[in-house]
Amino acid sequence: MLAAAVAAGAPASATPARHAIAGGKPTWAAVAADKGQVAQSNAVTARVYLAGDQAGLAAYAAQVSNPQNADYGKYLSPQAVQAKYGPTKAQVAAVKQWLAASGFKVTAENDQYLTVTGDAAAAQTAFGSQLHSFATDGHVYRAPAGALTVPADVADAVLTVTGLSTAPSKATHEDTLPGPGPAYVNSGPFSSYYGSNPAKTLPKVDGRTVPYVIKGYNGHQLRSAYGATASGLTGKGQTIAIVDAYDSPTIASDASTYAGLNGDAAYKTGQFKEYDPATWTHTAANDCGASGWYGEQTLDVEAVHAVAPAANIHYVAAASCYDADLIDALNNIVTNHLASLVSDSWGEPENASDPSNDAVYNNIFERGAVEGISFDFSSGDNGDEVANSGTKQADMPAALPWVTAVGGTSLAVGKHGNYEFETGWGTDVAPLAANGKSWTGFPGGFQSGSGGGVSARTAQPWYQAGVVPSSLSASKNGPMRVVPDVAAVADPQTGFLMGQTQAFPNGTVKYSEYRIGGTSLASPVFTAIEALAQEKQGFALGFADPAIYARKALLHDVTDHPFGPNVQLAVARVNFNNSVDASGGTSTSARTLGTDSSLSATKGYDDSTGLGSPTYWYIESFGIRR
């Protein structure tokens with residue numbers, strides 16, 4: 001009878017069912033690059049992220065984020081989110097038991113993940129894939145050779161696993177000038193507002209005299225151009241978090257000095273707070289380069305305060321530029337609800353990012369949406385990424401569906417702070433000919449521009465359907481996510497004046513000011529505008545994209561050719577050859593506006609500036625109740 005029962009059902013030796021989880025073989029782990037399986041004793045340290053009720057979390061995140069839904073704005077506390085959508089004690093216990101049976105040891109844990117140690121044999125047993133060595137970019141890294149799976153009885157509790165790949169998965173900050181290690185000084189001549197100082201002695205472009213670059217816009221000019229001044233709003237009662245790697249030892253004094261010198265409101269007691277991890281890692285110049293992040297942090301803090309001078313600023317530092325540490329910083333914000341608005345000026349090309357991190361980031365952003373937290377990410381500074389990586393692609397995490405991707409523009413502010421025009425930020429550089437009578441090879445080669453394009457991994461989110469042209473979103477897998485969503489000033493030629501303590505060649509270390517740009521500027525500027533909108537609305541924006549897309553007609557519709565298709569705009573720029581003074585000579589070049597690799601700013605939604613840039617009416621619209 002026993003034999004008959006076994007024969008009638010599943011074979012006694014059948015392999016237990018397994019379910020796929022997020023992650024697996026990275027894009028760079030190609031068959032041609034496969035160097036074979038790593039030794040089974042190869043040490044592995046990984047994070048096993050816990051899932052909880054992912055479907056329920058995503059569904060409620062969509063409901064509270066949609067202005068047309070009855071649950072719009074009905075946010076939950078972090079404790080309620082964890083209790084309702086987090087993993088249960090029974091699920092955690094089952095995952096621990098399975099990991100131990102696979103050969104792993106749990107060495108640390110929190111509400112979101114378990115840190116485990118073991119070897120490649122344990123990883124193969126637990127996650128159903130061999131680990132192989134792959135040659136890429138002159139290095140050999142370990143990675144899964146196939147898809148990742150887990151037993152069916154723990155599938156609902158496991159979100160993903162990270163750490164199986166040894167390739168550096170780390171972000172780069174998106175400012176376009178050197179950090180505070182070696183000093184950087186701008187060379188004149190300058191314009192104080194767009195067009196104020198025409199370069200009359202230099203060659204024309206398309207028959208037009210070009211102006212010299214902006215010395216650096218200040219907060220008064222940006223507030224005026226984007227409608228903040230007219231609104232009368234200051235961000236009072238709002239809290240903005242900024243996430244970067246490391247923490248500049250001079251940030252508090254630099255920000256205070258800058259505000260005093262540039263007419264911004266003085267910081268009130270407790271208005272600026274820093275949250276640092278217990279230790280710093282990967283600080284070497286050939287790794288994350290800690291000091292190189294100080295300029296990024298300083299720009300973000302000073303730009304936010306310049307546009308939303310009454311908003312509280314919480315700087316939340318990551319221990320390094322690696323994804324795991326940046327994830328911990330973001331998770332700290334959500335777990336402890338440190339802010340309702342978050343600006344992130346960092347990212348990496350999609351193909352260079354670890355796909356196993358997508359689910360982790362999305363979980364954080366969905367939990368944030370349910371709590372009423374908005375996450376903004378700079379879309380990148382390398383246009384379509386072809387010049388940088390050889391492959392057309394978007395940047396991560398900006399291309400994920402639960403964040404607002406902020407692209408960049410070239411902004412013309414008039415004499416009285418009036419908005420004149422914007423183009424998509426895209427810069428080609430042509431040097432001045434030796435005889436001074438022409439621009440060599442104009443328009444020149446691509447240097448930098450607003451990141452944008454279509455994701456290869458993220459499907460089109462509901463809020464982009466019917467708005468983003470199919471010519472941009474179409475793929476063999478159906479409509480995909482396109483970035484950016486919105487844009488703000490980013491072009492270093494029309495950039496922001498910031499102040500920072502820098503080290504000069506003569507050995508002095510002192511505060512100085514210079515112009516800077518990048519979507520690292522666009523992100524904090526747009527987040528500061530969101531603080532004004534949130535102040536106007538009277539409650540948190542939460543995940544803002546649905547509300548932004550509903551207001552697309554209220555944004556500046558940015559195009560690359562505001563004066564017609566045959567008018568190429570450009571500015572003249574003079575640089576110190578040694579980056580600090582004229583002792584090493586100077587170089588002069590023409591720099592275009594609105595030439596962003598293969599990306600274009602056109603009427604309607606586009607892949608360079610998204611829906612466009614903020615206006616007074618955009619801010620004011622958040623005061624209108626349904």
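Biologist: Which elements each supply at least two residues of the lining of the largest pocket, and which of them gives the most?
Modeller: In this predicted model, the elements that each supply at least two lining residues of the largest pocket are β7 (139-144), β10 (172-173), β15 (346-349) and α12 (386-389). The largest contribution to that lining is three residues, and the element that gives them is β15.

Biologist: How much space lies in the largest pocket, and which residues are closest to its centre?
Modeller: The space in the largest pocket comes to about 770 Å³. Its lining is made of 28 residues. Those closest to the centre of the largest pocket are D137, P168, E348, P349 and A352.

Biologist: How many residues of each class does the lining of the largest pocket have?
Modeller: The residues lining the largest pocket are sorted into nonpolar, polar and charged. The lining has ten nonpolar, eleven polar and seven charged residues.

Biologist: Which residues are closest to the centre of the second largest pocket, and which element gives the most to its lining?
Modeller: The second largest pocket holds about 440 Å³ of space. It is lined by 20 residues, and T45, T162, G163, S165 and A324 are the closest to its centre. Two elements give two or more residues to this lining, β3 (43-50) and α10 (323-336). With four residues, the element that gives the most is β3.

Biologist: Which residues lie nearest the centre of the largest cavity, and from which element does the largest share of its lining come?
Modeller: The count of cavities of 30 Å³ or more is five, and the largest cavity has about 80 Å³ of space. Among its 13 lining residues, Y85, G86, Q112, N363 and R367 lie nearest the centre. At least two lining residues each come from α2 (54-65), α3 (78-85) and α11 (356-371). The largest share, three residues, is from α3.

Biologist: Which residues does F365 touch, not counting residues up to four places away in sequence?
Modeller: F365 is one of the residues with the most contacts inside the largest nonpolar core. Leaving out residues up to four places away in sequence, F365 touches L330, F375, F377, P397, L400, W402 and V403.

Biologist: Why do the buried residues of α5 line one face of the helix?
Modeller: Helix α5 (residues 120-127) has the buried residues A120, A122, A123, A126 and F127. An α-helix has 3.6 residues a turn, so residues three or four places apart point the same way. Viewed down the axis of α5, its buried residues line one face because they fall within an arc of 155 degrees.

Biologist: Is T117 buried or partly exposed, and what is its relative accessible area?
Modeller: T117 is placed in strand β5 (residues 113-119). Not counting residues up to four places away in sequence, T117 touches V44, T45, G103, F104, K105 and T107. Buried means under 20% relative accessible area and exposed means over 50%. T117 falls in between and is therefore partly exposed, with a relative accessible area of 27%.

Terms used:
Residues numbered from 1 in each chain as written. Predicted model: local features only at pLDDT ≥ 70, side-chain atom pairs only at ≥ 80, totals over all residues. Heavy atoms only, no water. 1 Å grid on protein atoms, 1.4 Å probe; cavity = no way out; pocket = protein on both sides within 12 Å on 5 of 7 lines; lining within 4 Å. Points joined across faces, edges and corners; volume = space filled by probe spheres on them. Nonpolar A, V, L, I, M, F, W, Y, C, P; charged D, E, K, R; others polar. Core = buried A, V, L, I, M, F, W, Y, C linked by side-chain atoms within 4.5 Å. Buried < 20%, exposed > 50% of the residue type's maximum accessible area, 1.4 Å probe, protein only. Contact = heavy atoms within 4.5 Å. Arc of directions from axis to C-beta.
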